[in-house]
Amino acid sequence: MNMYKPKDSFELTTNLTPKGDQQQAINKLVDGIKRGIKKQVLLGATGTGKTFTIANVIAKTNKKALIIVHNKTLAGQLYSEFKELFKNNKVEYFISYFDFYQPEAYLPSSDTYIEKSSKVNEQIEMMRLSTIQSLATEKKVIVVASVAAIYPSVPPDTFNEFRIILNCDSIQDLRQLQYNLVKLQYKRAEDVLKPGTFRSKGDVVEIMEGGTNNYKIRISFFGNKIEQIAKTDPTTSKLIEIYKTYVIYPANEYIANSAQFNESLKRIKDELGQRQKYFKTHKKLIELQRITERTNRDLEILQENGFCSGIENYARHLELREKGETPYTIFDYLGNDWLLVIDESHMTLPQIRGMYFGDTSRKQSLVDYGFRLPSALDNRPLNFKEFESKVKQVIYVSATPGEWEKKESNNLIIEQIVRPTGLLDPLIEIKPTKNQIQELCKELDRQIKNSEKTIITVLTIKMAEDLTKYLKEKKYKIAYLHNELNTLERNQVINALRKGTFDAIVGINLLREGLDVPEVSSVVIFDADKPGIFRSYDALIQTFGRTARNKHAHVIMFADYSSEAMLKAISETKRRRKIQETFNKKHHIVPQTIKKAIYDGLDNKADAKAMEAIFYKKTKSNNKSQTRAIAILKKRMQEAAKKQEYEQAAYYRDLLFELESKLDT
């Protein structure tokens, strides 16, 4: 009967215990945080269980945590893992809510204007709103996010101001409640409730909050008095919980402050006047006409509806911010005592740095040619200096941390080198490029004899195609894994490799997640000595890591000399291998290749056939087939997550997103 009480501490809900050198890494990181050290690096070799280490650090330091990673797939996998590890705490997911997004742009060279085009994923939109609500109301929250975290969000003051506090047995006018719900962007529904809607029947108001479709809130009145506040099942209306007090938050992530709305409109009009004067002075009559027509149209729609297409471009005025002032983000909801974790920091940090410049460059053309007011530039992601200013304490996590994070942490690097499985970093050979194809064939023959698989990485598309063709002519079972393969095709190729349909796969960039295949014991790298991003120290270490699940791990590099990147990568790999061997010897551990189930994607053959037909346009899709396909994938994704099969859950999610975009084209 009592109001929900936020959790005061994090609780790890797992029977797993730290293994390998996880415990020493946990102890050092926790000690650093408690001593107030701002920046630390966790150098974790591939397959050492870095996620579990971070989970233990969060539990022991008891701080709100924001974990940022560079892409949606990894964010989804981490979210599933942390949800499982912290079942009794709030774990939230915050990524871009667009399945498809084409930003507004203008290309002066061809005089081409591109309108914004997007498709919003309602499920992710709900999860974003749930994130903001949890951060605003909960003491202990873990947020797993993509770099979308540095983009603008609703100001905390506005979000906290726009709420409805309901108390059982208090006086509350039913009509006033309905009016207040509309102010919070809730829409009236006559029949079925959807997130962000409410309906009123007699003395009962039912609300489905914007952040979930798992329950509805039922408010029962007796005259002008609230008799009961209850959470109920959305389908059966079965009672779940009764509250004495309940707080309703806005239905949407973005909500304008009506009290300052007139001032916001005045500021937009004033800026329009200044811009008109500028274009007149510089005799830019076309630009003058554009900005006048567009802004006046938006102002009319804003005055009438409180919303317009592209409203985000007026965010500076709607929030009464000054020119150049830092926009609000979810960082502003975290308070003064929280922990930031940058996962795969060698990839994530450069992405965070680049977002601001890319956004500004695109919008500057829109401003210069009269498509947007200059204030549109203030609807932007944080620049890197602003991002840094938000950080309280941070852990940079990577198998190959960059020089920047090493320097920033004063080389305070905590190593996690030993794998719980006892598996070692690979043995490495360097072979000359002369007769390299013949040497490759010898390696393939040896691998085939041992029933093990090979990854071959080259530098150019032409070499990948030529090598694949040559090896096929030599009767090797080879597949070329390239970036034009869709999610379904890519998964089929990897599964075929694991089953033995293929002996090896050839590719250019084979560093991405999803290629941790236990059957792969050998990686062959052509042109290992060539300069470039795919033969850098980081890339080589990451490529070596493709063998991290096999006890026979080894790497062959074809090169005519040893580049600096090669020497550094080989030296580091030898160092790690020695540490791992010493640990295994001390603890009597015998490495064993990881056993991992092979997923065909869809168990039901009819489902799989229907999915392929839609994917490859072999049949004309309709609403019924689209709905069925999406329902199948959502069900499989949820089942895989419950079983802690996170890679498979991530695969279903990728397939779901890609399928939805295909069906709408």
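How many nonpolar, polar and charged residues does the lining of the largest cavity have? By class, this lining has five nonpolar, four polar and three charged residues, where Ala, Val, Leu, Ile, Met, Phe, Trp, Tyr, Cys and Pro count as nonpolar, Asp, Glu, Lys and Arg as charged, and the others, Gly among them, as polar.

The model is predicted: local features need pLDDT of at least 70, side-chain atom pairs count only at pLDDT 80 or more, and totals for chains, interfaces and linings use all residues. Residues are numbered from 1 along each chain as its sequence is written, and side-chain values use heavy atoms, with hydrogens and water left out.

The protein chain contains 20 helices and 25 strands, taken as DSSP runs (helices H or I, at least four residues; strands E, at least two) and numbered from the N terminus. Of its 665 residues, 53% count as buried (buried, under 20% relative accessible area; exposed, over 50%; partly exposed, in between; 1.4 Å probe, protein chains only). Among contacts (heavy atoms within 4.5 Å) between residues at least 6 apart in sequence, 75% join residues at least 24 apart.

A search of the whole structure gave three cavities of 30 Å³ or more. A cavity is a set of points, on a 1 Å grid over the protein atoms alone, where a 1.4 Å probe fits but cannot get out; lining residues have an atom within 4 Å of a point. Grid points are joined across faces, edges and corners, and a volume is the space filled by probe spheres set on the points. The largest cavity has a volume of about 100 Å³. It is lined by Ala45, Thr46, Ala399, Arg419, Asp425, Pro426, Ile541, Gln542, Phe544, Gly545, Thr573 and Arg576. Helix 16 (537-544) and helix 17 (564-587) are the elements that give two or more residues to this lining, and helix 16 gives the most, with three.

The second largest cavity holds about 60 Å³ of space. Its lining consists of Lys50, Thr51, Ile54, Ile67, Leu78, Phe82, Val341, Asp343 and Val397, of which six are nonpolar, one is polar and two are charged. At least two lining residues come from each of helix 2 (50-61), helix 3 (72-85) and strand 17 (338-343); helix 2 gives the most, with three.

Helix 7 (residues 261-281) and helix 8 (residues 285-305) have axes that come within 9 Å and cross at roughly 170 degrees. Axes are lines fitted to C-alpha atoms, for helices over the stretch in contact, and angles run from 0 to 180 degrees between N-to-C directions. Helix 7 is therefore roughly antiparallel to helix 8 (angles over 145 degrees). On the helix 7 side, the contact is made by Phe261, Leu265, Ile268, Lys269, Leu272, Arg275, Gln276, Phe279 and Lys280, and on the helix 8 side by Glu287, Leu288, Ile291, Thr292, Thr295, Asn296, Leu299, Leu302 and Gln303. These residues divide into nine nonpolar, five polar and four charged.

Two single residues were also examined. Ser521, in strand 24 (residues 520-525), is buried, with a relative accessible area of 0%. Not counting residues up to four places away in sequence, Ser521 touches Gln447, Glu452, Lys453, Thr547, Asn550, His552, Ala553 and His554. Lys28, in helix 1 (residues 22-34), is partly exposed, with a relative accessible area of 47%. Apart from neighbours within four places in sequence, Lys28 is in contact with Gln40 and Ile414. Lys28 and Leu42 lie 14 residues apart in sequence and 9.8 Å apart in space, C-alpha to C-alpha.

Terms used. 1 Å grid on protein atoms, 1.4 Å probe; cavity = no way out; pocket = protein on both sides within 12 Å on 5 of 7 lines; lining within 4 Å. Parallel < 35°, antiparallel > 145°, perpendicular 65-115°, else oblique.
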